[in-house]
Amino acid sequence: MNVGDSFIDGKYNHLWVIISDPAIDSERIVIVNFTKHTTEKEDDCVINPGEHPFVKIKTIIQFRDAKCVRLADLETL
């Protein structure tokens with residue numbers, strides 16, 4: 001796994017992206033998810049349809065839901 005790799009969770013069907021380098025610290029890897037844009041959500045990183053194959057509607061990176069996970073847990077997914 002590398003920075004920029006992505007996967008879809010099985011619970012909410014959200015796309016998650018690795019934003020820290022697992023080679024530097026495999027016990028604390030930061031991941032963030034893509035979610036549908038609404039006016040109530042942050043506008044820091046908007047992804048529009050066509051900018052990523054998964055994105056079909058206006059989408060954001062949900063930084064407030066970032067998680068810190070272990071490489072072993074990501075590989076299990």
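Leaving aside its neighbours within four places in sequence, which residues is Ile-31 in contact with?

## Around Ile-31

Ile-31 touches Phe-7, Trp-16, Val-17, Ile-18, Ala-66, Lys-67, Val-69 and Leu-74, its neighbours within four places in sequence left aside; contact means heavy atoms within 4.5 Å. The model is predicted, so local features need pLDDT of at least 70 and side-chain atom pairs count only at pLDDT 80 or more, while totals for chains, interfaces and linings use all residues. Residues are numbered from 1 along each chain as its sequence is written, and side-chain values use heavy atoms, with hydrogens and water left out.

## Nonpolar cores

The largest nonpolar core has 8 residues: Phe-7, Trp-16, Ile-18, Ile-29, Ile-31, Val-69, Leu-71 and Leu-74. Two or more of these residues come from each of strand E2 (15-18), strand E3 (29-36) and helix H1 (71-76). Another core, of 7 residues, lies apart from it and includes Leu-15, Val-32, Ile-47 and Val-55.

Here a nonpolar core is a set of buried Ala, Val, Leu, Ile, Met, Phe, Trp, Tyr and Cys residues joined through side-chain atoms within 4.5 Å. Buried means under 20% relative accessible area, exposed over 50%, and partly exposed in between (1.4 Å probe, protein chains only). Helices (H or I, at least four residues) and strands (E, at least two) are DSSP runs, numbered from the N terminus.

## The sheet

An open sheet is formed by 5 strands in the order E1-E2-E3-E5-E4, with antiparallel pairing; strands pair if DSSP finds at least two bridges between them. Strand E1 (6-8) and strand E4 (46-47) are at the edges with a single partner strand each, so one side of each has no neighbour in the sheet. E4 is joined to strand E5 (residues 59-69) by 2 bridges, and Val-46 stands opposite Ile-60 in E5.

## Cysteines

The whole structure holds 0 disulfides, a disulfide being a pair of cysteine sulfur atoms within 2.5 Å. The sulfur of Cys-68 is 20 Å from the closest cysteine sulfur, in Cys-45, which is too far for a bond. Cys-45 is partly exposed, at 28% relative accessible area.
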